[in-house]
Amino acid sequence: MELPPFEHLLYYEKVHGARLNISYSNIREFRLDGFRQRLPKDLDLNWTFRNGTSELRRLIARRHRTSPNRILVTTGATEANFLVNASLVRPRDRVLVDSPIYSPLRDVPRGVGANVLEIARDCDDGWRLDLDRWRKTAGRRARLLVFANLNNPTSTALSRGDLRELADIAEECDGHVLVDETFRELAFDDTPPSAAEFGPRMIALSTVTKLGGLGTLRVGWIVAAPDSIDRFAQLKDYTTGGGSVLSQTIATWALGRWGFFVQRAKRILAVNRKIAAEVLREMPELRGEVPLAGTVLFPHSTVNVAKLANRLLKQYGTVIAEGRFFGVPDHFRLGLGGDTRDLRKGLANLRRLLRSMS
Ligand SMILES: Cc1ncc(COP(=O)(O)O)c(C=O)c1O
């Protein structure tokens, strides 16, 4: 197994002390006291459940309109992605990956030795999904087809029709479809259905990290057919075993009032979306709308993005995520889920610098 360095994460480590980061994809942090709940004094810190606690799995299953025996709780969506690939994909298998995409979804199958084919979407074509191309490239032998719904970094959605067709393609090539649904519910009233609803060849994964602002809980999950869940759990016995009961208790509180978290995210995004749309109109060097769904946008820049990011950091202490992390170097990612004042300041810095560089 040979995994390439996770460049995006390493970059965030490097710039951690910067004053403003306007590129994060999460909704801003939620703090423990926001729950107004106390951890039970007699919480057993010795024993943990292999597939996750039953109450947590019940709550997750409800969000995917499925049953708890199709849920495996993992250490974040990060472990979920790793388990699916390491269980299903063998060296030289064909894996098709939507592009642009959050890099681990492309690089973990590469790391396990797959022949990864990126199916690029075109910004000038509104990031349109070309399912005929997917069908042709999958042929009769693709092992795995990989998406994020909503996509990170473009926030585009897979529709019910897309998912149905992808399930057919998986049947034709005797493979599986993996859909990272970390951002799915951030489409609010237009939330697409979970891939889990479309049969045994469809695998969904998700997490409390982004919508909840609860990243350090490290609670994610996989939704799949029970026999696939068994395979993933067998591998998890060697990665984390059972997850932290402390984290799962707090994640259970969060999922027990997920409607509150969805509304909180909606409120934050509504304000920030408006600000970003206004400022974007004053930046002719950038092309790309503020999407109606999701937490991120991915504009094209006529100014060199590497130079822009570098000077923005050095002169203004402001961080953006270069498009090279997603395989598209003339774009960059902005995040809309953070503190509104920070976003305003960061965008003003960006506008000032773009003017001076164009
Ligand atoms: C699409 C996507 N999936 C998964 C993750 C990571 O999730 P977790 O914190 O649960 O490991 C991210 C983080 O940026 C992401 O963008």
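**Exercises: sheet, helix pair, ligand shell**

Three strands, in the order S10-S14-S13, form an open sheet with antiparallel pairing. Strands are DSSP runs (E, at least two residues) and helices are too (H or I, at least four), numbered from the N terminus. This is a predicted model: local features need pLDDT of at least 70, side-chain atom pairs count only at pLDDT 80 or more, and totals for chains, interfaces and linings use all residues. Residues are numbered from 1 along each chain as its sequence is written.

**Exercise 1.** Find the edge strands of the sheet.

*Solution.* 
- Strands pair if DSSP finds at least two bridges between them.
- S13 pairs with S14 (residues 332-335) over two bridges, in the antiparallel sense.
- Glu322 stands opposite Phe332 in S14.

**Exercise 2.** Describe how H11 and H12 cross.

*Solution.* 
- Take the axes of H11 (residues 305-316) and H12 (residues 340-357): they come within 10 Å and cross at roughly 120°.
- Therefore H11 is oblique to H12.
- The classes are: under 35 degrees roughly parallel, over 145 roughly antiparallel, 65 to 115 roughly perpendicular, the rest oblique.
- Axes are lines fitted to C-alpha atoms, for helices over the stretch in contact; angles run from 0 to 180 degrees between N-to-C directions.

**Exercise 3.** Which residues come nearest the ligand?

*Solution.* 
- Near means a C-beta atom, placed from the backbone, within 6 Å.
- Of the 13 residues around the ligand, Gly76, Ala77, Thr78, Thr207 and Thr209 come nearest.
- Helix H3 (residues 76-88) gives the most to the shell, three residues.
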